[in-house]
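Here are some brief notes for your first look at this model. Keep the structure open as you read, and check each point against it.

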Amino acid sequence: MHYAKIFYCDIANGAGVRTALFVSGCTHHCKECFNPETWDFDYGEKYTSDIEDTLIKSLAFSYVDGLSILGGEPMEIANQPYIRRLVERVTDTYPNKTIWLYSGYTYEELLDDGSVCHCEHTLPILKCIDILVDGEFMIDKKNISLRFRGSENQRLICVKESLENNSIVLSEYMKTVKG
């Protein structure tokens, strides 16, 4: 896996202060994507165990609320083994930190064992995720008043509660920004 960038002390991609990892590789190719360079699976730097260790260490500070994983597409099959290892380490090391993951795949697609994005790593990843921002960005549904998402079709899903209840539980962050 490759990654495009890492932001430390990010406040745009999830609630609170976060470390944000932008992975490379995406087959969605959404119209007017804000990161089209990350469509290339070889874009950026090689993701290594040293990079992963740095990500883990960045979460140690008390003011950091958690990790956000974006792309590209974290849930491309080629990326999932690396994402799984990372989210499992975060969950084991910092059980009180939250993990947000942004995916162009929907929650339903991720759970469908016949879909192009489902493999042996998918469910273990989802079990570690607190919030899934799902769905492709759609320019015709773009809305800048939405919190933590770009288009109205995208959802912020409380994953652990959704898995437990066997139905989608939407996050309180689905509300629009007041202004």
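**Notes on a helix and a strand**

1. Start with helix H2, residues 80-93, in this predicted model. H2 has 14 residues, and at 1.5 Å a residue they should span 20 Å. The C-alpha atoms at its ends are 20 Å apart, so the two values agree.

2. Which residues of H2 are buried? They are Gln-80, Ile-83, Leu-86, Val-87 and Val-90. These residues lie on the same side of H2, because they cover an arc of only 130° around the axis. An α-helix has 3.6 residues a turn, so residues three or four places apart point the same way.

3. What covers the buried residues of H2? The cover includes two helices, H1 (49-58) and H4 (122-128).

4. Now take strand S2, residues 18-23. S2 is mostly covered, and six of its six residues are buried. Arg-18, Ala-20 and Phe-22 point one way from the strand. Thr-19, Leu-21 and Val-23 point the other way. Both sets are buried.

5. How does S2 pair with strand S1, residues 2-10? The two run antiparallel, and five bridges join them. Look for Tyr-3: its bridge partner in S2 is Val-23.

6. S2 also pairs with strand S4, residues 66-70. Here the strands run parallel, again with five bridges. Find Phe-22 and trace it across to S4, where its bridge partner is Leu-70.

Note on methods:
Residues numbered from 1 in each chain as written. Predicted model: local features only at pLDDT ≥ 70, side-chain atom pairs only at ≥ 80, totals over all residues. Heavy atoms only, no water. Buried < 20%, exposed > 50% of the residue type's maximum accessible area, 1.4 Å probe, protein only. Helix = DSSP H or I, 4+ residues; strand = E, 2+ residues; numbered from the N terminus. Pairing = 2+ DSSP bridges. Expected span 1.5 Å × (residues − 1). Arc of directions from axis to C-beta. Contact = heavy atoms within 4.5 Å.
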